[in-house]
Protein chains: 2
Amino acid sequence: METNTASSPNDHGNILVVDDDADIRLLVSKFLQRHGYHVHTASDARSLRETLKRFSIDAIILDVMLPGISGIQACRTIRQTSSVPIILLTARSEEDFRVSGLEGGADDYVTKPFSPRELLARLRSVLRRSRGGDLNTTPPDRNRILFDGWVFDTQRRELNTPEGVLIDLSTGEYNLLVTFLEHANRVLSREMLMEFAKMRASDPFDRTIDVQISRLRRKLEISENAEQIIKTVRNAGYVFLPKVTFE
Amino acid sequence: METNTASSPNDHGNILVVDDDADIRLLVSKFLQRHGYHVHTASDARSLRETLKRFSIDAIILDVMLPGISGIQACRTIRQTSSVPIILLTARSEEDFRVSGLEGGADDYVTKPFSPRELLARLRSVLRRSRGGDLNTTPPDRNRILFDGWVFDTQRRELNTPEGVLIDLSTGEYNLLVTFLEHANRVLSREMLMEFAKMRASDPFDRTIDVQISRLRRKLEISENAEQIIKTVRNAGYVFLPKVTFE
DNA sequence: CCCGTTTGTTACAAATTGTTGCAGAATATG
DNA sequence: CATATTCTGCAACAATTTGTAACAAACGGG
């Protein structure tokens, strides 16, 4: 078991990161430490249990795929003895896990590959709700997302321009935008985009995504705000450029 | 038998949670405890009886599916010796249970998967009526549901626009709206909608639900309030957009 | 049994998404 | 630097999915 409890100026709480991939453990740990959290790590179910026994943990970040045990199982096990907030890390195309994960007692989930910024937002939200004692009362509040002055309401599925004009999005445009927002500042391949945005299976030469991007861009250009939002990366895919703020 | 009587600052009463699924017992217990109730739990009919004998219980939350005994049976049995309020937990597609459950002496029911918020609302309502001593006089008062300024009275089956105009709904429209309200902000497939809204079995190409949605929408558009309420999700189903408040 | 109301069916219109082709941009090649 | 090659943008069209009017069947109250 690794315990990585480097102290930080302001202590926002003890977080336990559980993942069998050492890279991810390290990445997440460093990031959270920089934001004032104490971080413990564990790589399997056994060390998870031990850490929970030995330390007072405020929240757990848990990969759904652990060697030997599913994250859902782990989730239930934890829930038998504790109501500590849990955020699941799910790989793409594991929507089933996300649903059953929430049923299994998780409080929120983040899809890999995730932006640390998003993870942080979710963590804060979960901790806030946990302290308020109403973790199960309110659903995960992933509803308002801001970028470049735009406001996107995921609950109402509406998009407002910086000028406050309501733009309406088709289902496909909505799915695509959500995908970008959840993986902002990262180059997404056409393949990933199609999968995340729930489009139907992609032949290698499928240009559907290009057309959908084109349609989304047209709507995002309506604003005076001249900044480019979705940038093409030749031979790779597309990136969503603006800084994204959750909630 | 488990007894889980952690004390809470304000004591709102002793609740007995009966379910064979440990996860649900735990989830519900924690939640109710956080809201100031003493919680006892039982996993089968025998421990239910024992708990009732040993403690003064103010309300029972009872899963209809218990190993060895139907919740309805349990309900009747309890009623032979007590008039304690009972809330049934029913899985979906157990509509029969809901009806016969109320006949069997239950005071209200909640359909799984349920929001803890809704359960709490029902529990409060049942306790309030119980203390007033008029539990059998008045039907379950799951009556006021608010969304986007609209007021829906399930008892009278009436819907009022934000302007206060009364809209009347047919049975089918009522069922559909209730389904949406109980599962707001969630994409519901046509299949689920048909099942929940008690329409007759659905062939894969049945468009009945679309037509019913269309009819409901027409009534919901009467208000000046231009906001869209039910949104179509292509290839998936429909979502009810507004935030819903039970009271 | 009649009649008004509600619900189910069907057909066609409208909206959305997928496909293709070509023009133009970006990059590689000579 | 000129040209060839590859890749992307997007208009135009095709296919799919949804909206809803219009009609038929089923229901319910006298």
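## Protein surface around DNA strand C

The residues of the surface near DNA strand C comprise four nonpolar, 10 polar and nine charged. Here Ala, Val, Leu, Ile, Met, Phe, Trp, Tyr, Cys and Pro count as nonpolar, Asp, Glu, Lys and Arg as charged, and the others, Gly among them, as polar. A residue is near a strand if one of its heavy atoms lies within 4 Å of it.

This is a predicted model, in which local features need pLDDT of at least 70 and side-chain atom pairs count only at pLDDT 80 or more, while totals for chains, interfaces and linings use all residues. Residues are numbered from 1 along each chain as its sequence is written, chains are lettered from A in the order in which they are written, and side-chain values use heavy atoms, with hydrogens and water left out.

DNA strand C is surrounded by 23 residues, and the closest are A:Ser170, A:Gly172, A:Arg200, B:Ser170 and B:Arg200. Of the atoms of DNA strand C that come within 4 Å of the protein, 58% belong to sugar and phosphate.

At least two residues of this surface come from each of helix 6 (171–182) and helix 8 (208–220) of chain A, and from each of helix 6 (171–182) and helix 8 (208–220) of chain B. Helices are DSSP runs (H or I, at least four residues), numbered from the N terminus.

| Residue | Part of residue | Distance to phosphate oxygen |
|---|---|---|
| A:Ser170 | side chain | 2.2 Å |
| A:Thr171 | backbone | 3.5 Å |
| A:Thr208 | side chain | 3.1 Å |

Notes: Polar contact = N/O pair within 3.5 Å; in protein donor to acceptor, adjacent residues only side chain to side chain.
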